[in-house]
Amino acid sequence: MAPKDTARTTDEAGEGSAVRRKAARYAVPVAVAGVAAATIGLVPALAASGDPDLPDVTAQELIEKIAASDAEQLSGTVKISTDLGLPSLAGLAGDAADGLVPGAGEGGSSAAPDARLMELASGTHTLRVAVDGPDRQKLSILDGAAEYSVIRNGDDVWAYDSESGEVYHGEDAGAAAEREHPAPQEPPTTPKELADEVLKAAGDTTSVTVDGTARIAGRDAYQLLVKPKQSGSTVGSVRIAVDADNGVPLKFTLLPSSGGKAVVDAGFTKVDFSRPPASTFDFTPPKGAKVTEADELDGPEKGAPQHGEGLKGLKGVEGLGPIGEHGQGVNVIGEGWTTIAEIKAPGGEGATAPKPGDAPPEARKFPESFGDRVKGDFGTGTVFKTRLVNALMTDDGTVYVGAVTQDALVGAANAAK
C-alpha cells in the first residue's frame with residue numbers, strides 16, 4: 001500500500017524547525033552565487049530498488065518522525081553529486097584560490113577543512129561517514145587512492161590530506177569560541193543535515209506531501225516531497241527519503257524549476273546504525289607529516305569548524321553566510337522561496353562602484369563573458385547565473401542575490417528604485 005499523498009503546508013511542518021544541524025557558510029567573492037548554492041543543499045542520483053509496502057503516514061507525521069529521530073550512531077557511505085552549472089571548484093583549494101578561500105595559499109594548510117570541504121560544491125564525490133553522538137564524527141572524502149578526512153573526537157578536530165601529507169589540528173568550536181576565534185562552519189554532508197535545513201526553511205509558501213516509498217541503501221523509506229508554492233524560485237522540488245524505522249533521512253534530491261537533472265543529490269549507498277568502533281575516531285599524525293595548528297593560521301580559517309544554528313535557509317539571506325547574517329547594508333526582499341538579499345555597495349547609500357564605461361574595453365568584456373547584461377527601471381547591470389542561485393550586480397554596485405529567476409532579480413531591483 002502506498003502512503004497517503006496528504007498535502008500540508010508547513011505551518012504544520014513548523015515543528016521541523018526544532019531540527020537543527022550544521023550549515024555551510026562561505027564568502028568567496030568570485031564565486032559567491034555558486035558557493036551560496038552549496039549552503040542550500042547537496043544530493044545523489046541513485047535509483048530506488050523497489051517500492052516497499054508500508055503503513056500509511058501523513059506529511060505531518062513523517063516530519064514529526066524526522067524531528068523525533070534519536071539515532072546518534074551510524075556509519076556508511078554517502079554519494080554526493082552537485083551540478084550548479086559551474087566549473088569544478090576543486091582547484092580553488094590551491095594557489096588559484098590564494099586570497100579567496102580561507103586556508104588556501106601562502107601561510108595556509110591544504111588540510112584546512114574550510115578550503116577542502118568547499119570541493120563538495122561541484123562534481124560527484126564519495127564520502128565515508130561515521131557518527132557516535134555529538135562529540136565524535138568522522139568524514140572522509142575518497143578520491144582514488146587519496147583520502148581527505150576530518151575527525152572530531154571530543155575537543156579535538158583533526159584533518160588529514162593523504163595526498164599532500166599535511167595535517168590540520170584545531171579545537172571544537174565551543175572551546176575556540178571561548179577565545180573568540182572566528183571559525184568557518186562545516187557544510188551539510190548527510191541527507192539528514194540537508195533535510196533539516198529545508199524543513200526549517202519551510203512555511204506557508206511550501207507544499208509538503210508524502211509521495212510513495214523507496215528502497216534506499218537496503219532500507220525501506222517513505223518519500224517526502226517539498227515544493228515551493230511561489231513562482232519565481234529556481235527550486236522545483238526537494239525529495240527526502242526517510243527511513244521507515246528510525247526516521248533518519250537516507251537520501252536528498254533537489255531538482256531545479258528549469259527541469260533537467262538534479263542540482264544536488266546526496267544519499268547513502270550503505271548505512272549501518274550500530275555504534276562505530278571507538279578506534280574510528282582516533283588519530284595520530286603520521287611520521288613526517290606537516291602539522292598546522294589552527295592558531296597558526298591567519299584570518300577566518302583560525303580555529304576548528306563550528307556547529308552553527310543552521311541556515312535560516314531558503315527563507316532568508318542568512319543562508320548566504322556571514323555577509324547575509326552579520327554584514328551591513330543588507331536588505332531582505334520578499335519571503336519564503338523567493339527571498340532576495342539586496343547588498344549595498346560599500347560606503348552606504350549613495351556610494352557607487354566603477355561603471356563598465358569607466359574601464360578599458362578589455363576589462364569591460366571580462367564580467368560580461370560570465371553574465372548577461374540587463375536593464376530596467378533600476379538602470380543597467382549584469383546577471384550571473386547558476387542552476388540554483390542567481391545574482392544581479394547593478395552598475396552602481398548593488399547586488400541582488402537569491403535562489404530566484406533573472407526576472408525576479410530585475411523586478412526586485414526595479415521595485416527598490
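Biologist: Which backbone oxygen does the side chain of Asn390 reach, and at what distance?

Modeller: In this predicted model, Asn390 is placed in strand E18, residues 390-394. Its C-alpha atom is separated by 6.4 Å from that of a residue 14 places away along the chain, Val404. The side chain of Asn390 reaches the backbone oxygen of that residue, Val404, at 2.8 Å.

Biologist: Which backbone nitrogen lies 3.1 Å from a polar atom of the side chain of Asn390?

Modeller: The side chain of Asn390 has a contact with a backbone oxygen, that of Val404. A polar atom of this side chain also lies 3.1 Å from a backbone nitrogen, and that nitrogen belongs to Thr386.

Biologist: Is Asn390 buried or exposed?

Modeller: Leaving aside neighbours within four places in sequence, Asn390 is in contact with residues including Thr234, Phe384, Tyr400 and Leu409. Its relative accessibility is 5%, and buried means under 20%. Asn390 therefore counts as buried.

Biologist: With which side chain does Asp132 make a polar contact of 2.7 Å?

Modeller: Asp132 is in strand E3, residues 123-132, and at 10% relative accessibility it counts as buried. A polar contact of 3.3 Å joins its side chain to that of Gln73. The contact of 2.7 Å is made with the side chain of Arg275.

Biologist: What else is in contact with Asp132, leaving aside its neighbours within four places in sequence?

Modeller: Gln73 and Arg275 are in the list of contacts. The list also holds Glu72, Pro276 and Phe281.

Biologist: How are the rings of Trp158 and Phe283 arranged?

Modeller: The structure holds two aromatic pairs. In the pair of Trp158 and Phe283 the ring centres are 5.4 Å apart and the planes are at 45 degrees. Planes under 30 degrees apart count as stacked and those over 60 as edge-to-face, so at 45 degrees this pair is tilted.

Biologist: Which residues do the ring pairs link into a cluster?

Modeller: Tyr160 and Phe283 form a tilted pair, 5.9 Å centre to centre with 45 degrees between the planes. Tyr160 is in strand E6, 123 residues from Phe283. Phe283 also pairs with a ring of strand E6, that of Trp158. The cluster is made of Trp158, Tyr160 and Phe283.

Biologist: What is the value of phi of Ala217?

Modeller: Ala217 is found in the loop between strand E8 and strand E9. It is partly exposed, with a relative accessible area of 24%. Its phi is positive, in a residue other than glycine, and is near 50 degrees.

Note on methods:
Residues are numbered from 1 along each chain as its sequence is written. This is a predicted model: local features need pLDDT of at least 70, side-chain atom pairs count only at pLDDT 80 or more; totals for chains, interfaces and linings use all residues. Side-chain values use heavy atoms; hydrogens and water are left out. Rings of Phe, Tyr and Trp (its six-membered ring) pair if their centres lie within 6.5 Å; planes under 30 degrees apart count as stacked, over 60 as edge-to-face and the rest as tilted. Helices (H or I, at least four residues) and strands (E, at least two) are DSSP runs, numbered from the N terminus. Buried means under 20% relative accessible area, exposed over 50%, partly exposed in between (1.4 Å probe, protein chains only). Contact means heavy atoms within 4.5 Å. A polar contact is a pair of N or O atoms within 3.5 Å; within protein, one must be able to donate a hydrogen and the other to accept it, and residues adjacent in sequence count only if both atoms are side-chain atoms.
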